[in-house]
Amino acid sequence: MVNVPRLVIAAPASGSGKTTVATGLMAAFAARGLAVSPHKVGPDYIDPGYHSLATGRPGRNLDAYMCGTELIAPLFAHGSAGCDLAVVEGVMGLYDGASGQGELASTAQVAKLLRAPVVLVVDASSQSRSVAALVHGFASWDPEVRIGGVILNKVASDRHEALLRDALDESGLPVLGVIRRAPQVATPSRHLGLVPVAERGADAVNAVAAMGERVRVGCDLDALMALARTAPALPDEPWAPAYAPVEGPRPVVAVAGGAAFTFAYAEHAELLTAAGAEVVVFDPLRDEKLPVGTAGLVIGGGFPEMYAPELSANEPLRRAVTELALSGAPVAAECAGLLYLARELDGKPMCGVLDAEARMSERLTLGYRQAVAVSDSALAVAGTRMRGHEFHRTVLEPGAGTTPAWGMHQPERRVEGYVQRGVHASYLHTHWAASPGVARRFVEHCRAR
């Protein structure tokens, strides 16, 4: 049984202040000495970085599209084990999910799967009495979703607050916090959302501290904790990245990190370790060599387009990556990793493992995907079906090699990515917890070298 107090922080729409409130709550409760487990609905990699900074624990994603509804509670239980409180930040509006898939992957669905009370963050900047109608509509839309209270954001004055509270008195939902309109906490954005924590250093620490203080002053933390404790126990076993015991040496799997490669799900490293690998993180911006004994390489997502000159200037590491790939070693590259393996990125030389050129584009490619492995690779056998997510403003020409990585079935049919020697490179982000055989197969290929 999983019996961790928990809250889901949702909103009527994007831009209402979910990230500020959720991160602020995590920081405020952590400052009280509580062990807070941070979670994010959906595939986003960036918000969990701020959550991790607020709590000192890995930020974890709960994505019902990529992982399946049956894994949401077990993944939550795994991440929140031993914690005093779990805070789950929603995605988009409360009832928004995968396009054309009903409630799938919505915050509402995850809240129901976790049997967690929802706190609705409402941008009250342009309304007074109408807030009651808005909240009533969200609270009554799905009777299985339990909205336990409201946090009013961007409130202008004492009089504005009084009008809002009077209106909400009729709704029966308590006001659990009021956050006044104030200069925006310094969380700069760019083409894919917030700038990641790893790129901001002390500025990110200060931003999270400011969110925590704003929430501490404006919210009733005792009432929020009491609401969290109303969540019933979940009859689910925690997910575990467990395989049969591995004998013999553990192959070194180098995982790209640092400011240029910040997109990673915590479960991937856990799965690789459980499959028998020694996971070693390196920074392609600073390290001129791969970790000693590297037998396999994982290069996840991030922002190489922001660091193309610096990545290109690190010629010793580019040569090392190229030599490893040409030797047939297993290399798994997602999105940013795909660009790094290309011949060029915005005219700057990259590793040249793939005969392709990448460049920034005005067009945002965003959405869930259904994919099938086109051929055998270090990640999957041909015919393996997986769900994933694309999120980029770059294009690669050509977009697929002679042997593509994936055949896409949603939203349109196409082939994408590259499989050559031990390399599997693609724009598609996947969550390996949904297909743990991916990590096991990758480590077995590393061990076979």
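1. Glycine 33 comes after helix H1. Its phi is positive, near 95 degrees. Bear in mind for this point and those below that the model is predicted.

2. Helix H1 itself covers residues 18-31, 14 residues in total. From first C-alpha to last it reaches 20 Å. That is close to the 20 Å expected at 1.5 Å a residue.

3. Is H1 mostly covered or mostly uncovered? Mostly covered: of its 14 residues, 12 are buried.

4. Next, a pair of helices. H2 spans residues 46-55 and H8 spans residues 202-218. Their axes come within 10 Å and cross at roughly 75 degrees. H2 is therefore roughly perpendicular to H8, because angles of 65 to 115 degrees count as such.

5. Which residues make the contact between H2 and H8? On the H2 side they are Tyr50, Leu53 and Ala54. On the H8 side they are Ala204, Val205 and Val208. The contact residues divide into 6 nonpolar, no polar and no charged.

6. A second pair is H6, residues 130-141, and H7, residues 158-169. Here the axes come within 8 Å and cross at roughly 45 degrees. That angle makes H6 oblique to H7. The crossing of H6 past H7 is right-handed.

7. What meets what where H6 and H7 touch? H6 supplies Val131, Ala132 and Val135. H7 supplies Leu164, Ala167 and Leu168. This contact, too, divides into 6 nonpolar residues, with no polar and no charged ones.

8. Glutamate 267 sits in helix H10, which runs over residues 266-274. Is glutamate 267 buried or exposed? Buried: its relative accessible area is 1%. The cut-off for buried is under 20%, so glutamate 267 qualifies.

9. The neighbours of glutamate 267 deserve a look in the viewer. Leaving out residues up to four places away in sequence, glutamate 267 touches Arg60, Leu75, Trp239 and His431.

How values were computed
Residues numbered from 1 in each chain as written. Predicted model: local features only at pLDDT ≥ 70, side-chain atom pairs only at ≥ 80, totals over all residues. Heavy atoms only, no water. Axes fitted to C-alpha atoms, helices over the stretch in contact; angles between N-to-C directions. Helix = DSSP H or I, 4+ residues; strand = E, 2+ residues; numbered from the N terminus. Parallel < 35°, antiparallel > 145°, perpendicular 65-115°, else oblique. Contact = heavy atoms within 4.5 Å. Nonpolar A, V, L, I, M, F, W, Y, C, P; charged D, E, K, R; others polar. Left-handed = near helix turned anticlockwise from the far one by under 90°. Expected span 1.5 Å × (residues − 1). Buried < 20%, exposed > 50% of the residue type's maximum accessible area, 1.4 Å probe, protein only.
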